[in-house]
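Please keep the sequence and the structure at hand while reading.

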Amino acid sequence: MESFIRTAIIIERLSPSVDGGLFPVKVIVGETIKVRAAIFKDGHEIIKANIKLKKKKEDKWTYFPLHSTFNNEWEGEFTVNENDLFVYTVEAWFDPLGTWLDGTRKKCDAQMQVQSEVLEGVKLLKKLNEIISLEHENSLWRFVKLLELAEGDPEKVNKILTNQDFANLIEKNPLKFLLTTFEPELELWVERKKAEYSSWYEFFPRSQTDSVDKPGTLKSCIERLDYVKQLGFDVLYLPPIHPIGKTNRKGKNNSLIADENSPGSPWGIGSHEGGHKSIHPELGSFEDLEELRLAAEEKGIELALDIAIQCSPDHPYVKEHPEWFYQLPDGTIKYAENPPKKYQDIYPLDFNCEQAEALWHEMKDIFEFWISKGIKIFRVDNPHTKPFKFWEWVIREIKLKHPEVIFLAEAFTMPKPMQYLAKAGFTQSYTYFTWRNTKEELIEYMNELTKSEATLYFKGNFFANTPDILPKILQEGGKPAFEQRLILAATLNSNYGIFQGFEFCENKPIEAGSEEYLDSDKYEIKVRDFNSEPNLTNLISVVNSIRRDNQALHYYNNLEFYPSSNDNILCYGKRTSDNSNIIIVVINISPFQAHEDTVDLPLETFGLSDNATYEMVDLITNISYKWSGRKNYVRLDPGYQSAHIFKLVR
C-alpha cells in the first residue's frame, strides 16, 4: 500500500547559500547574517519558523526566530562570534495552539459561544503537557482549569486568552505539528577579521641588505620591521624561503644562463639542502624565523609565507618520489611550460598520478609543518594549475583543525576558475584590479565584486603591483600613477597590498610591452636606497593610518559609487551601517593632467537634508572644506594632489 503524506510545509529558496549548498557561505566574526526563505502550506493555519545554528563538530543547536514579511517570505538574522565552521538550516511547523488562539479570540470578540473551541483548546493544552518543561507545568494546569470553569462564556474565555502570562506560556513552549526542516544543512565558514581587513607588504628577505655581496637574511628582515610598521602594514608576506635548485637555474632578468653569483628564483624550490620543509641556509634557521615571527607580532604585523607546489630538478622529491612527476616516454621528467615560455628550472607535480593519495597527503603536511612553526597566512602560487578537488580537500582538512588559517590564491586566470577556487576554500584572491584603469572599468568590476552573489564566498585582495606584474599605467604614469593606484587599492577594497619598490615608483620594464620588471628581485639580490626619490613612504603611511582609524574602510562590501560627469573623476564612499563613520573618496584617475567636476552625494542616505551644510575633512592633508547641498565642485591636479579622502563631519 502506498504511503501518503497528507499535508506538508514547504520551505524554498533558503539564503544565503552558495550553489544550493554545495559550498560554504563565508562570513566574518561578528557579522550579522540575514536569512531569508519562502515558507508556506495549504490552508490558513498559522505557521512559525526558526533558524537553527550550530558548530559543525557539535550537536547542540541554537535557535533564532524567523518572521513572516509578505508573500510567504520569511526573514531572520543571527550573529556569529567565533572563528569556526558552522552549519545552519530552517525549521517550520504548523502552530495548532496559535491557530486555535487566533480563531477563538475572534469569536469571543464577536460575542459568540465558544464551548466547542474551549474543549479543543483544553485538548491541545493537555497535549502540550507532554512536552512542557517542569517549571511551566503548574501554570499550564491553572489555565486549563480556568478554561474549563469558563463554560464557553466569551467574556470569561477572552479574559483568559488575553492574559499575558498565558500568551508567554504558549510562546515559550511551542506545540510543533508537521515539523519540517530544510535540507541539506548549509555550511558557514566564519573567518577571523583579517580575512576581510588587511594591508600586505611583500619583500624578498635576501634583498634586505645594503650589498649584493651580502644577501639579506631572516635576521635582517627583523631590522626592516620598524620600516614596515612605519608604513602601516599589518601583514608581511615573504616569497618562498626554501633552498633553491641549481639545475637550469635562471640568471639575472630571467636569463637561461646563470653565472656563479646568480641566487636563482625562490620559486625553483629544492636542492640537496632540503625542500618545502626547509629554510635556505643563506636566510638562516628556524630559530631565526621564530624570532622574526615574534618580533613582527609585537609590532602588530603577521607573517605570511608563500607556498608554491612545484619543484626544482634538484628537489629531494625528484629522487625519493619520481612517480609524483610527469614522466616523458624517454624516461625524463617534464618541466613546466607556458608557451612560448619554458621553465626548465621547474618540475610540476602530477596530482593524478597512481600515487596521488600519498602525494596529496604530503602536500597537506607542508601546510601543517609551517602551521606548527606559527604561520597562519599562506599565499599560494598558481593554485589554478592544480586540481580544484585537491584544494577543496586540503583547505577543509586544514581549516577544520586550524580555522584561523588564511589562504590567498595567486590565481590570475579566467573568472570562473578564480571564483571556484574561492568556493573551494581560498579566503582571499588576487584580482583583475591591476588591469582596471578607466572609470567605467573600475565601477563595473567593483560592483561585480561587492554587489553580486560573489560576496558570499569571494574576497579580493588588491595588489597594486607584484614581483611578476608591473602594470602599464605605472610604467607610463610616473609618480601620480603610483599615488592614484595606491589610494584606489587601499580605499576601494578592505584588503590590499604592494610589493617593495612600489613606494620608490620603480617602473622600468625588462622590455617595451612587457609587464616584467627590469632587474627583478626574482632573479637577483636587489639593493635599494630607502631615501631615494620619488618616494611615497609618507603617503603610504598616511593612507594606512586613515584605513586604521576609520571603521568604514574595514568592510569589504559596503562600497557605493556617486555620480560625477567627468570620465576622469571617480567618486565613491564607504560608511558604517549607523552612519557614524562616512568616508568619501574623490580621485582623478588620470596621471597626466588636472581634471575638475561636480560630484553629487546622496545626502539623504547619510541622514542629512538635501540643502544641509556639512564639513568635509581631507584626511590626507587635514584641510577642512565647507560643503553645502548634494552637489559640490572639485578640481584635482596629479602634479599636486590626485585625490581627496574625505571624512564627512556633521
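## Cysteines

In this predicted model, Cys-353 counts as buried, with a relative accessibility of 9%, and Cys-571 is likewise buried, at 1% relative accessibility. Both values fall below the cut-off, since buried means under 20% relative accessible area.

A disulfide is a covalent bond between the sulfur atoms of two cysteines. With a limit of 2.5 Å between the sulfur atoms, the count of disulfides comes to zero. Cys-353 is in no disulfide, and the nearest cysteine sulfur, which belongs to Cys-311, is 12 Å away.

## The chain as a whole

The protein chain contains 14 helices and 27 strands, and its C-alpha trace spans about 105 × 70 × 45 Å along the principal axes. Of the 650 residues in the chain, 56% are buried.

## Enclosed cavities

Rolling a probe the size of a water molecule over the atoms shows where empty space is left. Across the whole structure, a search finds six cavities of 30 Å³ or more, and the largest cavity holds about 90 Å³ of space. Its lining consists of Pro-415, Met-418, Gln-419, Tyr-432, Tyr-445, Glu-448, Leu-449, Ala-454 and Phe-458, with helix 11 (415-424) and helix 12 (439-450) each supplying at least two residues. By class, this lining has seven nonpolar residues, one polar and one charged.

The second largest cavity has a volume of about 50 Å³, and the residues that line it are Lys-26, Val-27, Ile-28, Glu-191, Ala-195, Thr-427, Tyr-457, Phe-458 and Lys-459. Strand 2 (residues 25-28) provides the largest share of this lining, namely three residues. Here the division by class is five nonpolar, one polar and three charged residues.

## Thr-427 beside the second largest cavity

Thr-427, one of the residues lining the second largest cavity, lies in the loop between helix 11 and strand 17 (428-429). Is Thr-427 buried or exposed? Thr-427 counts as buried because its relative accessible area is 4%, and buried means under 20%.

Leaving aside neighbours within four places in sequence, Thr-427 is in contact with Lys-26, Glu-191, Ala-195, Val-405, Ile-406, Phe-407 and Lys-459.

About 1,200 Å³ of space lies in the largest pocket. This pocket is lined by 41 residues, of which Asn-338, Lys-341, Tyr-343, Asp-381 and Asn-382 are the closest to its centre. Strand 13 (336-338) and strand 14 (341-343) each give at least two residues to the lining, which divides into 17 nonpolar, eleven polar and 13 charged residues.

The second largest pocket has a volume of about 940 Å³, and of the 28 residues that line it, Glu-31, Thr-32, Ile-33, Lys-34 and Asn-557 are the closest to its centre. The elements that contribute two or more residues to this lining are strand 2, strand 3 (32-41) and strand 20 (559-562). The lining of the second largest pocket comprises ten nonpolar, eight polar and ten charged residues.

Methods
Residues are numbered from 1 along each chain as its sequence is written. This is a predicted model: local features need pLDDT of at least 70, side-chain atom pairs count only at pLDDT 80 or more; totals for chains, interfaces and linings use all residues. Side-chain values use heavy atoms; hydrogens and water are left out. On a 1 Å grid over the protein atoms alone, a cavity is a set of points where a 1.4 Å probe fits but cannot get out, and a pocket is an open set with protein on both sides within 12 Å along at least five of seven lines; lining residues have an atom within 4 Å of a point. Grid points are joined across faces, edges and corners, and a volume is the space filled by probe spheres set on the points. Helices (H or I, at least four residues) and strands (E, at least two) are DSSP runs, numbered from the N terminus. Ala, Val, Leu, Ile, Met, Phe, Trp, Tyr, Cys and Pro count as nonpolar, Asp, Glu, Lys and Arg as charged, and the others, Gly among them, as polar. Buried means under 20% relative accessible area, exposed over 50%, partly exposed in between (1.4 Å probe, protein chains only). Contact means heavy atoms within 4.5 Å.
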